[in-house]
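Below is a set of questions and answers for a reader who is new to this structure. Please look over the sequence and the model before reading on.

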Amino acid sequence: MKTKREATSLAMLGKRIAERRLVVCSVDVPRNEGTRRTPSKQVLLDEIAKAGGQW
């Protein structure tokens with residue numbers, strides 16, 4: 001089944017998001033505290049940190 005709307009490009013999506021942010025000003029979104037991570041997810045994040053990445 002086809003949708004009736006045209007596909008939105010990433011460039012257009014970024015533009016729309018930027019416009020909305022100007023209207024609502026700064027929104028403080030709290031980061032996930034990470035208290036319920038699975039062991040495999042924690043290992044992945046630890047490896048990212050060892051490689052110099054920041055999640």
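A salt bridge is counted where a side-chain nitrogen of Lys or Arg lies within 4 Å of a carboxyl oxygen of Asp or Glu. The model discussed here is a predicted one.

Q: How many salt bridges does the structure hold?
A: The side chains of glutamate 47 and lysine 50 meet in a salt bridge, at 3.3 Å from N to O. That distance is within the 4 Å cut-off. For the structure, the number of salt bridges is one.

Q: What separates glutamate 47 and lysine 50 along helix 2?
A: An α-helix has 3.6 residues a turn, so residues three or four places apart point the same way. Glutamate 47 and lysine 50 are three residues apart in helix 2. Their separation is therefore about one helical turn.

Q: Is lysine 50 buried or exposed?
A: A residue counts as exposed when its relative accessible area is over 50%. Its partner in the salt bridge, glutamate 47, has 42% and is partly exposed. Lysine 50 has 65% relative accessibility, so lysine 50 is exposed.

Q: How many helices and strands does the protein chain have?
A: Helix 1 covers residues 10-24, and helix 2 covers residues 39-50. The secondary structure of the protein chain comes to two helices and zero strands.

Q: What is the radius of gyration of the protein chain, and why does the chain count as more spread out than a compact globule?
A: For 55 residues the globule rule gives 10 Å. The value for the protein chain is well over that, so the chain is more spread out than a compact globule. Its radius of gyration is 18 Å.

Q: What share of the 55 residues is buried?
A: To count as buried, a residue needs a relative accessible area under 20%. The protein chain exposes about 6000 Å², with carbon and sulfur atoms supplying 56% of that area. Buried residues make up 4%.

Q: How far apart are the end C-alpha atoms of helix 1?
A: Helix 1 has 15 residues, and at 1.5 Å a residue it should span 21 Å. The distance between its end C-alpha atoms agrees with this, at 21 Å.

Q: How far apart are the end C-alpha atoms of helix 2?
A: With 12 residues at 1.5 Å a residue, helix 2 should span 16 Å. Its end C-alpha atoms agree with that span, being apart by 16 Å.

Q: Which residue with a positive phi follows helix 1?
A: Valine 24 is found in helix 1, which covers residues 10-24. The residue that follows helix 1 has a phi near 65 degrees, and it is cysteine 25.

Q: Which residues make the nonpolar surface patch of about 410 Å²?
A: For a patch, residues need over 30% relative accessible area, and nonpolar side chains are joined within 5 Å. One of the members, Val24, is found in helix 1. The patch is made by Val23, Val24, Val27 and Val29.

Q: Is arginine 36 buried or exposed?
A: Arginine 36 has its place in the loop between helix 1 and helix 2. Its C-alpha atom is separated by 38 Å from that of arginine 5, 31 residues apart along the chain. At 80% relative accessibility, arginine 36 counts as exposed.

Q: What distance separates the C-alpha atoms of threonine 3 and valine 43?
A: Threonine 3 lies in the segment before helix 1 and is exposed, with a relative accessible area of 65%. Threonine 3 and valine 43 are 40 residues apart along the chain, and their C-alpha atoms are separated by 41 Å.

Technical notes
Residues numbered from 1 in each chain as written. Predicted model: local features only at pLDDT ≥ 70, side-chain atom pairs only at ≥ 80, totals over all residues. Heavy atoms only, no water. Patch = residues over 30% accessible without salt bridge, like charges linked within 9 Å, V, L, I, M, F, W, Y side chains within 5 Å. Areas by Shrake-Rupley, 256 points an atom, 1.4 Å probe, with all protein chains shown as cover. Helix = DSSP H or I, 4+ residues; strand = E, 2+ residues; numbered from the N terminus. Expected span 1.5 Å × (residues − 1). Buried < 20%, exposed > 50% of the residue type's maximum accessible area, 1.4 Å probe, protein only. Rg over C-alpha atoms; globule rule 2.2 N^0.38 Å.
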